[in-house]
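Subject: Structure handover

Hello,

Here is the structure you asked about. Please open it first; my notes on what was found follow below.

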Amino acid sequence: MYKLRMFNMKWQLLNYFLISSLLTVLSIYVVLEYYSAELANWNFRMWFLVAILAVCLTVGYVATKRWQRKVDELHVAMLELSKGNFSSRIEMEPVEPFLYLYDAFNKMASAVEERVQLLQQLGEAEAIRDQELTENAVMEERRRLARDLHDTVSQELFAIHMSASSLPKILERNPSAAPSVMSQLIEMSHHAQKQMRGLISQLRPIELNDMSLQEALEKWFPEYCRNHELQGQLDVSLRESISEAIEHQFFLIIQEGLANVVKHASAKQIRLSIYEREHQYVLQLQDDGQGFERRDIPSASHGLSTMRERAQKLGGEVEIDSKLGSGTRVRVRIPRFTGQSVTVLKEREGETNESEH
C-alpha cells in the first residue's frame, strides 16, 4: 500500500512533466507545419521561445502551487498539534497525492490525543486517591497539634494564670517585686501568643473544601497577601467548571508558587490569573521581585520540581520566565478536552476491556 501511494505521487509529478512536454512538442509541430517561413524572422523565433517558456513556467507554477498548498496544510496541522490542539486533523479528499501523509498524521494525532487524555485521567484518578490517602495523615497531624497545644500553650496559660493570681499578694506584701512579675507575665503571654498563631496557621484548612477553585481563591488569596504584606491581583476567567482533580492540582501549584515568592522573591506585588483557551487551561503567577537566572537555581529545586510534577500528572507543562531585577512569571498549561472527546475515549477503553474479557 505504501509503494502504491508513493507511485501515485510520482505518477502525478510525471503527469505534470508530460503535459509540459506535450504542449512544447505540439507548439513546435504547429510552428514547423504552418509557420516554417516565419522561422527565418528573428523576432518570430524570439516570441516563439518566450511562448514555450511561458507555457512551461505556467505548468510548473500550477504544479508547485498545488503541492505547496498541501505542504502548508500539513505544516499548519503540525503547528496546531504542537500548541496543544490535539483534536487537529487534516481533511482528506478521495483522490489526494498526499493521502498517505495526511492519513499518517491523522492517526498520529489521534494516538497522541488518546494518550494525553488517558494520562490526564490517570493523573486525576491519582490525585483523588492521594487526597483520600492523606485524610488519615491529616487526622494524625491534628492529634499531634492537640498534644502540642496541651504540652505548650496550655502549660503557658496555666503558668500565666498562676503568676497573675499571685500578683495581688505580691503587690500587698512586696511591691518592689511586682515589676519583675509583670515582665514575666508579658514575656509568657507573648510567647504563648506566638505559639498559638503558629498552631492556628497549621490547623487552618488550605484545601478547597467543597468550594470551586475561584471561590476558594477569592477567599484565601487576599488573606494570604495581607498576611505577607503583598499587593495581590486576582483574575479568574473560566467559562465552564473544570474537573476536581485539575482544580486541586492548580490550588496546590498556586500555594507552592506563592510560598516560593514569599521565601525568595522579595516581591511587593503579585498577580494571579487563571483562564482558558480553546484547548488549554492556563494558570499564570507573576511577581515584581528580584528574579533569578536559571543557572543560579538547582535543577532539583524542590518548589519548582513539585510544580512541574503536579502539572505533568495531568499532561501539562510549566514554563518559568525570570530575569534578575525583572521579577518572575510562572505559566502552567493543562490540556483542555471537550466532553465529547473524553466520552469517545472512555467508550474505546470500554470496548478494549470487553475484548480482553
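Helices (H or I, at least four residues) and strands (E, at least two) are DSSP runs, numbered from the N terminus. Angles run from 0 to 180 degrees between N-to-C directions, and the axes behind them are lines fitted to C-alpha atoms, for helices over the stretch in contact. Another helix, α6, packs on the sheet and touches β2, β3 and β5, its direction making about 15° with that of β3.

Two notes on the source. The model is predicted: local features need pLDDT of at least 70 and side-chain atom pairs count only at pLDDT 80 or more, while totals for chains, interfaces and linings use all residues. Residues are numbered from 1 along each chain as its sequence is written, and side-chain values use heavy atoms, with hydrogens and water left out.

Overall

The protein has eight helices and five strands. From the N terminus on, the order of elements is α-α-α-α-α-β-α-β-β-α-β-β-α. Of the 357 residues, 32% are buried, where buried means under 20% relative accessible area, exposed over 50%, and partly exposed in between (1.4 Å probe, protein chains only). The protein exposes about 23,600 Å², and carbon and sulfur atoms supply 57% of that area; accessible areas come from the Shrake-Rupley method with a 1.4 Å probe, and for residues only the protein chains shown count as cover. Among contacts (heavy atoms within 4.5 Å) with a separation of 6 or more, 69% are between residues 24 or more positions apart.

The sheet

In what order do the five strands form the open sheet? The order is β1-β2-β3-β5-β4, and the pairing is mixed. Two strands pair if DSSP finds at least two bridges between them. β1 (231-237) and β4 stand at the edges with a single partner strand each, so one side of each has no neighbour in the sheet. On average, neighbouring strands are turned by 10° against each other, direction ignored.

Going across the sheet, β1 and β2 run parallel and are joined by seven bridges; Gly232 stands opposite Ile270 in β2. β2 and β3 run antiparallel, also with seven bridges, and a hairpin of three residues connects β2 to β3. Ile270 has Asp287 of β3 as its bridge partner. Eight bridges hold β3 to β5, again antiparallel, with Leu283 partnered by Val332 in β5. Last, β4 and β5 run antiparallel with six bridges. Their hairpin has five residues between the strands, and Gly325 there takes a positive phi near 80°.

The strands are covered as follows. In β3, seven of the eight residues are buried. β4 has a covered face of Val318, Ile320 and Ser322, and an uncovered face of Glu317, Glu319 and Asp321. Glu317 has Arg333 in β5 as its bridge partner.

The cores

A nonpolar core is a set of buried Ala, Val, Leu, Ile, Met, Phe, Trp, Tyr and Cys residues joined through side-chain atoms within 4.5 Å. The largest one has 35 residues, and Leu217, Phe250 and Val332 have the most contacts inside it. At least two residues of this core come from each of α5 (213-227), α6 (244-265), β2 (269-276), β3 (280-287), α7 (302-313), β4 (317-322) and β5 (328-335). The largest share, eight residues, is from α6. A second, separate core has 11 residues, including Ala77, Phe86, Phe98 and Phe337. As background, nonpolar side chains in soluble globular proteins tend to be buried together.

Leu217 is in contact with residues that include Leu234, Phe251 and Ile274, leaving aside neighbours within four places in sequence.

How many of the 22 residues of α6 are buried? The number is 16, and α6 is mostly covered. α6 reaches 30 Å from its first C-alpha to its last, close to the 32 Å expected at 1.5 Å a residue (1.5 Å times one less than its number of residues). After α6 comes Ser266, with a positive phi near 55°.

Gly123 is found in helix α3 (residues 99-173) and is buried, with a relative accessible area of 3%. Gly123 touches Lys313 and Leu314, not counting residues up to four places away in sequence. Gly123 and Gln312 are 189 residues apart in sequence and 8.3 Å apart in space, C-alpha to C-alpha.

Regards
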